[in-house]
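Visitor: Could you take me through this model step by step, giving the criterion behind each value as we reach it?

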Amino acid sequence: SLQHYFIQSNLRTRMEGPRVEIAPFRSISDFVTDASFTSPSVSDSSRWYNRVKQNLLYYQTNYFVIFTCVIVFYSAVNMARYLTGVFVVTLVLAALTQRHTYGIMPAAGVALLAGLFGHTPAVMYTLCSLLLPALLCFVHASLRSRNMKNKVNSAVETLRVVPTPMGHFIESLEGSISYFKVLATSDKSK
């Protein structure tokens with residue numbers, strides 16, 4: 001029966017976790033060479049946001065390749081500095097996740113000790129390896145005008161039942177932003 005199917009499907013999803021589908025890799029000609037790049041309408045932030053969001057969803061596999069290439073390049077150039085930076089950043093992030101229990105002092109202590117022991121260049125090196133591809137992807141997504149093929153494909157992909165990794169990321173980011181908006185409005189009302 002139909003009810004039995006939905007119960008089994010729900011149980012399978014709970015046991016296996018949410019399904020994720022990888023988006024196809026877009027051709028280099030579609031991504032860069034045949035593309036039209038225009039400056040976004042900064043005055044209309046909702047259109048700019050929509051352009052960035054749709055381009056991030058459409059070219060997500062290409063952006064993942066950019067991230068991977070930049071990180072592999074940074075780690076190949078100076079592996080010891082990169083791994084030291086990853087270790088220190090991981091320690092700081094781990095201490096920050098425990099700030100509700102222990103306060104901000106453990107994270108500040110780890111950051112201070114890393115600075116005292118001369119690991120600041122390694123941390124900056126690692127942060128640059130993460131921020132550079134993020135900046136490249138954001139600039140491309142902001143400047144890349146959407147063509148008809150992109151718009152049609154995006155409309156079809158929004159009807160897809162199985163979300164993609166970038167879809168999950170954008171959904172969680174939108175949830176975080178709305179959470180902070182609620183916090184900001186509740187602070188103003190006090």
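What follows is a set of questions and answers on helices, a charged pair, a pocket and cysteines.

Guide: This is a predicted model, in which local features need pLDDT of at least 70 and side-chain atom pairs count only at pLDDT 80 or more, while totals for chains, interfaces and linings use all residues. Residues are numbered from 1 along each chain as its sequence is written, and side-chain values use heavy atoms, with hydrogens and water left out.

Visitor: How many helices and strands are there in the chain?

Guide: Helices (H or I, at least four residues) and strands (E, at least two) are taken as DSSP runs and numbered from the N terminus. Read along the sequence, the pattern is α-α-α-α-α-α-α-α-α-α. The chain therefore counts, under that DSSP rule, 10 helices and 0 strands.

Visitor: What distance separates the end C-alpha atoms of helix α7?

Guide: The expected span of a helix is 1.5 Å times one less than its number of residues. Helix α7 covers residues 105–116, and its 12 residues should span 16 Å. Just after α7, glycine 118 takes a positive phi of about 80°.

Visitor: Are aspartate 30 and arginine 144 buried or exposed?

Guide: Buried means under 20% relative accessible area, exposed over 50%, and partly exposed in between, using a 1.4 Å probe and protein chains only. Phenylalanine 31, which is also found in helix α2, has 7% relative accessibility and so counts as buried. Aspartate 30 and arginine 144 are both buried.

Visitor: Which helix supplies the largest share of the lining of the largest pocket?

Guide: On a 1 Å grid over the protein atoms alone, a pocket is an open set of points where a 1.4 Å probe fits, with protein on both sides within 12 Å along at least five of seven lines, and lining residues have an atom within 4 Å of a point. The largest pocket has a volume of about 540 Å³, and of its 20 lining residues the closest to the centre are Leu56, Tyr63, Met166, Phe169 and Ile170. The helices α3 (45–58), α4 (60–77), α8 and α10 (165–189) each supply at least two lining residues. The largest share, 6 residues, comes from α10.

Visitor: What distance separates the C-alpha atoms of isoleucine 170 and leucine 56?

Guide: Isoleucine 170 lies in helix α10, and at 8% relative accessibility it counts as buried. Leucine 56 is 114 residues away along the chain, and the two C-alpha atoms are separated by 8.9 Å.

Visitor: How many disulfides does the count come to?

Guide: A disulfide is a pair of cysteine sulfur atoms within 2.5 Å. Cysteine 69 is partly exposed at 48% relative accessibility, and cysteine 128 is partly exposed with a relative accessible area of 38%. By the sulfur distance rule, the number of disulfides is 0.

Technical notes:
Grid points are joined across faces, edges and corners, and a volume is the space filled by probe spheres set on the points.
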